[in-house]
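Here is a walk through one protein model. Have the sequence and the 3D view at hand.

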Amino acid sequence: MLTKNPNVIKWVDEVIALCKPDQVVWIDGSEEQLNALREEAIQTGEMIKLNQEELPGCLYHRTLPNDVARVEARTFICSRKEEDAGPTNNWCDPKEMYAKLTPMYDGVMKGRTMYVIPYSMGPIGSPLAKVGVEVTDSIYVVLNMDIMTRMGKQAFENLGETSNDFVRGLHSKANVDPDNRYIVQFPEDNTIWSINSAYGGNVLLGKKCFALRIASYQGKNEGWMAEHMLILGLENPQGEVTYVSAAFPSACGKTNLAMLVPPEVYRKQGYKVWTVGDDIAWLKPGKDGRLYAINPENGFFGVAPGTNMKSNPNALASTKKNTIFTNVALNNDNNTVWWEGLDKNPPENATEWTGIVTNGKEWTAEGKKLAHPNSRFTAPAENCPCISPEFNNPEGVPITAMIFGGRRAKTAPLVYQSFDWTHGVFVGSTMASETTAAATGAVGVVRRDPMAMRPFCGYHMGDYFQHWLDMGEKLGDKAPKIFNVNWFRTDDEGHFIWPGFGDNLRVLMWIVDRCKGTADAVETAIGYEPKPEDINIEGLDIDLDTVKGLLSVDKDVWEQEVAEIEEHYKQFGDKLPKELAEELKKLKARVDAL
Ligand code: GTP
Ligand code: SPV
Ligand code: MN
């Protein structure tokens, strides 16, 4: 046992009594202990050791084909009152859910080892950090939590010997049975129960389950925010750094934007981007009244496909050591990894992600994929060449601009700024995006995903909007400015028009200059937009007319959008803040006048 905290001990005793493991191992986080676990996982075949010259410390893992993404249909928010979960969450009475799941956990770890993982979300000692304890029967989970969190006995030092303020996470992969898979949050009990999955987002309980679903609920009660946001610092040639956070839905470009390499014209002038976080931000007003953000994570659980030397060299560099790859393909010639979009040379001697040995060139020539579209790398943040010097700053970084965005083939322009905070909350609350492979279900279907939090908000979304409005009230004129971006507009053939990736800096530049008051804008029906010539296209092979097209606001399309937002808003009933209903009316009037 690593702690004398009676609350921890009592809870762990309860789960031992329930799950009946053969053995209990407390994870202290020592290299010795972790190495033994790595060896064991390699012995049992749970993990494969990769080429240690090319990828030192790297391991490979595959999950079952039925277990490759978050399962939103089987994810529950079990608040005592149904109303508190709201229309966007699955709900079940907590008593009923505990009663249903308890027999499933009863004896589930017989013949297995239970690992007790203490971890901190946020830098140890940060006033914004919080402690969790995850109990699991999976070594894969332990090794991933080591990368993704500050794991080990130091987390208990942070908790202290009497506090009860820790999140209790119980995970068992059980039989990985998709019909009995449950990912359940009990926000009022600080508790998460996850069973019958071994896929990251369902089982690394510090991540979406705690740092978003439970934390969003805690944030509402405690006056802070937990958001599905990257955090980056943009440094100008004078050495000043402006921090920006951005919420895009899953697999819509957070990791890429967070690690952006400036295009040549800016690099030469001395612009740099520093990564603070790529997925989650915890934000709280600081002593000076500005909004400060920490990244509660310690690593990146990033989408592998599409990651290459051109799109995201910093992410690729982050995966070169001490990284776990899940559901990518293997290159059997040299025991390294491959995925779609890494390069144009699929290995001839390949093992695709489910384990089929094949000629990768022929396989991909038939249009089949070698890596799963939601295959991922788990890489330590410290590996990232552009990790921010402020990454471990316990106070966080001050946020100047917040950006919303998603995948919209037509509707949303490249960038616009909200008129004010309330309008910005409106923009976030009406966000829509095409679905991706990060969750099970159809891909490419447009759905409303407010603030990119639809799958992650631990309470009623209407109350969440109100919390955003309240935070704006509290921050007053120190509130970040709110923007919306869309890198994914397509032409008539379905090709992306905007080059994206590093060139997104060109849009960030306008955003930062707007915050400083040094860039112009035109007022449109939906917000402030740059003049086309204010987006620097030097060195790109697109012209001013293309930028004009990317910024266009089409009356028919936006009339349709307004109608869809009206439908979307209906589900929140009385809980829809009246300020937002008012914003919708104003938008409708402006669009009608186009
Ligand atoms: P999660 O980890 O699921 O939350 O995803 P994320 O938001 O971090 O997305 P990520 O940066 O991993 O990007 C997902 C996919 O979008 C990858 O296939 C990228 O290649 C692609 N992508 C990212 N940025 C851009 C961009 O600017 N333009 C285009 N066209 N594609 C992009
Ligand atoms: C996401 O889906 O938004 C992710 C990956 O970041 S997961 O951890 O599976 O949630
Ligand atoms: Mn994410």
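How many bridges join strand 20 to strand 22? Two bridges do so, linking residues 329-331 of strand 20 to residues 350-351 of strand 22 in antiparallel fashion. Strands here are DSSP runs of E with at least two residues, numbered from the N terminus. Two strands pair if DSSP finds at least two bridges between them. N331 stands opposite A350 in strand 22.

The model is predicted: local features need pLDDT of at least 70, side-chain atom pairs count only at pLDDT 80 or more, and totals for chains, interfaces and linings use all residues. Residues are numbered from 1 along each chain as its sequence is written, chains are lettered from A and ligands numbered from 1 in written order, and side-chain values use heavy atoms, without hydrogens and water.

Four strands make an open, antiparallel sheet in the order 21-20-22-23. Strand 21 (336-338) and strand 23 (357-358) are its edges, each pairing on one side only.

Next come the domains. An assignment, automatic or from a database, gives domain 1 (6-45 + 70-222), domain 2 (227-297 + 389-592) and domain 3 (300-383). The C-alpha centres of domain 2 and domain 3 are 29 Å apart.

Consider where these two domains meet. Twelve residues of domain 2 contact eleven of domain 3, with contact meaning heavy atoms within 4.5 Å. No salt bridges link domain 2 and domain 3; the rule asks for a side-chain nitrogen of Lys or Arg within 4 Å of a carboxyl oxygen of Asp or Glu.
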